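This report walks through one protein model, part by part. Please keep the sequence and the 3D view open while reading.

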Amino acid sequence: HATGLPIGLDARGKVRYARQGEARVPCLKLPNLAFLVVRVPFSKNGGGDQLNQFTVTMHVKFLNELPDNLYSTAGWDSWSKLQEGDQLSQLQVSDDGAVGAHECFGDASSPRLKANEWFSVSASVDTTAGVMNTYVNGQLASTVKAGELGRDGQHSIKRRLALFWSKDSNFNAETFVYVRSVAVHSVALDAEQVRREHSVLHSLLIHDAIASVPSFLQPPLTAAHQEAPFETSSSVRRRLTLLVKRALEIGSELWRMLQARDHAALKTLQQKLDLHQVEICAKWRLRDSEGVVVGRDELSAPYGETLAHACAHAGATGLLQRLLSGSARADLARRRGLTSGFTALHSAVAGGHIDACRMLLEAGAKPTTTSVSRRSALWTACIKGLRDVALILLEHGADPYAAPQGAESPADALRRIGGKAATELHRDLTAASAAQAGLPAEETAEDDGEEGEEDEEEEADEEDEEELEARKALAAAAPKEVYVPSLHPHPLEQCHRSHYCNVRGPGCKLSPTTYTCVECSSSWDVCAVCFDNVPKDGPEPATAKDSLAELLYEISVAVHDDDEGDGQEDDMGEAMADDDDEGVDPMALFRDAQRANGRENAVDEDEDDE
């Protein structure tokens, strides 16, 4: 405990762990009348029976109102009783924010505490000499010399210390104290030592503000901090806003270039993209002037609102490869259009770009995903007569006979179209399906020079036999997907697993389950009874769920007010007092806290001050 870290921290009242303000600084949040009890890591020094020489340092922020008391050595419970003549607090705050004790709060030039700003506060006490020096942000605030500062008196620490305890205060629901750190040293630090300690606390504040943003945005912020150190956590947030805003503007430029098929300008711009800009562009979506996502339906190229859709449809494989190289590779490849339900794979097939199709399939795109009108990528390839594309989709699990919820299957579409090209493609898909299922290839005899009803009937019989064999094989070998939006927002795949059903409807069998989600990161399963009980209505428009994309847009339009502090925070569950709230990790909070924020609830937080 040479560093002065307490051996314990007890919460009295509803104390929470929170991410405070726009910069999401991790700290403890104390509502009005709550306080902390610090277990001191030392027993005695200075020649007495108690801790007579020590330094208490805290890094704190007071929301809306300053407290009267900073720390007390006794009086808050039956094991720390006040002696006759002792004051309730040994470190106090005056009405104008000065720090001191026994009516000694420095002079007019002494630094003052303010509400809604982060401050480092220290009290260096030597009861043997009868002196206490107080510091605010590394500057001397007051020097207290009084008879009460005697050895083994009220200023000596008796193994415990209470922070922000007040006996007779009135409750104020708008007042909070945020605590980032507390230290108790067994020596009375001098002015230079206190200055260095406060400098370290400020550096850690900026570090935490940078660490609270998504990982791909941390390197440019760190580089900016090394070039010109940030003075406050709100300055970190302002720089973050500029970075995100510029990246989203680049996303809009890339969209326009892709729509205009300006591949030369596109290549030049994509070579200049930084890694964080690529990550943000992967989250970019087409928006109108009001910030609302503009959906592209199945009749409007590129059939989706993301740059992945636009790249796939335009065949811009260079930019598409960069977008898919980011952290959300599989998510981007599987992301569906807000209105169309098309994935980028649908767009690549619609544009006839086989290289883009390969990239997306390798990145995790599912060829079985269907659009709002129940059309798969293979159906589109068959309609357009793209044989090579269709065979690649077949190799990755597409089913030419799948007819989701009664829609037309690719094989049915080829039969409906008719003609030599469609017939040959149908035969190729049938043969490839049979080969994948391990069935021997059947030779078909077709007399190219004969025409008439007899030859047509013979050819139809051969195709029917091939189709029947392929259907039987694929029924056993190929997974089937269904899309039931009234049950689950993602496509479901047939299975037989010993998992528990997530629906738990009337008559639920619990286990085994017969369908599982093909897109959820965590397991989502449903039993046969619950699946059968859900009405199989037509599919609803797919919704693109991307909370980080929404967050990045909100950051880009955030307004920072330099005249006001930031009083907003996101609670992260009880630290010590309340069992009803569950704690989550900081990055999960960062995502979840924004998930409920739509355009109608735009970011309205005040900025953090230093």
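## Terms and basis

Buried means under 20% relative accessible area, exposed means over 50%, and partly exposed lies in between (1.4 Å probe, protein chains only). Helices (H or I, at least four residues) and strands (E, at least two) are DSSP runs, numbered from the N terminus.

This is a predicted model: local features need pLDDT of at least 70, side-chain atom pairs count only at pLDDT 80 or more, and totals for chains, interfaces and linings use all residues. Residues are numbered from 1 along each chain as its sequence is written, and side-chain values use heavy atoms, with hydrogens and water left out.

## Helix α2 and its buried face

Which residues of α2 are buried? They are P220, L221 and A224. Seen down the helix axis, these buried residues fall within an arc of 100°, so they line one face of α2. The arc is taken from the directions that run from the helix axis to the C-beta atoms. P219 and Q226, on the other side of α2, are exposed. The buried residues of α2 pack against α1 (191-211), α3 and α5 (275-283).

L221 lies in this helix, which spans residues 218-227. Its relative accessible area is 0%, so L221 is buried. Contact here means heavy atoms within 4.5 Å. Leaving aside neighbours within four places in sequence, L221 is in contact with I210, V213, F230, V236, R239, L240 and L243. H207 is 14 residues from L221 in sequence, and their C-alpha atoms are 9.9 Å apart.

## Nonpolar cores

A nonpolar core is a set of buried Ala, Val, Leu, Ile, Met, Phe, Trp, Tyr and Cys residues joined through side-chain atoms within 4.5 Å. The largest core has 81 residues. Those with the most contacts inside it are L254, L258, L323, L345, L360 and L393. Helix α3 (residues 233-260) supplies the largest share of this core, eleven residues. Apart from it lies another core, of 38 residues, among them A34, V93, L149 and L161.

What does L254 touch, not counting residues up to four places away in sequence? The list is L266, L269, L273, C281, L307 and L319.

## Helix α12 and the annotated repeat

In helix α12 (residues 387-395), the buried residues are V389, A390, L391, I392, L393 and L394. Their cover includes α9 (344-351), α10 (354-363), α11 (377-384) and α14 (419-436). Just after α12, G397 takes a positive phi of about 110°.

Over residues 340-372 the chain is 55% helix and 0% strand. The end C-alpha atoms of that stretch are 6 Å apart.

Strands of a sheet pair through backbone hydrogen bonds, either parallel or antiparallel. Two strands count as paired if DSSP finds at least two bridges between them.

Nine of the ten residues of strand β13 (residues 176-185) are buried, so the strand is largely enclosed by the rest of the structure. Strand β3 (residues 25-31) pairs with β13 in the antiparallel sense over four bridges. L28 has V179 of β13 as its bridge partner. Strand β5 (residues 53-63) also runs antiparallel to β13, joined by nine bridges. Here M58 is bridged to V182 of β13.

## An open sheet

Six strands form an open sheet with antiparallel pairing, in the order β1-β4-β12-β6-β7-β8. β1 (8-12) and β8 (99-100) stand at the edges, each with a single partner strand, so one side of each is left without a neighbour in the sheet. Strand β7 (residues 91-93) pairs with β8 over two antiparallel bridges. V93 stands opposite V99 in β8.

K61 is found in strand β5. K61 is buried, with a relative accessible area of 0%. A polar contact (a pair of N or O atoms within 3.5 Å; within protein, one must be able to donate a hydrogen and the other to accept it, and residues adjacent in sequence count only if both atoms are side-chain atoms) joins the side chains of K61 and Q20 at 3.2 Å.

T127 sits in the loop between β9 (118-126) and β10 (131-136). At 3% relative accessibility, T127 counts as buried. A polar atom of its side chain lies 2.9 Å from the backbone oxygen of N52. Not counting residues up to four places away in sequence, T127 touches N52, L149, G150, R151, H155 and S156.
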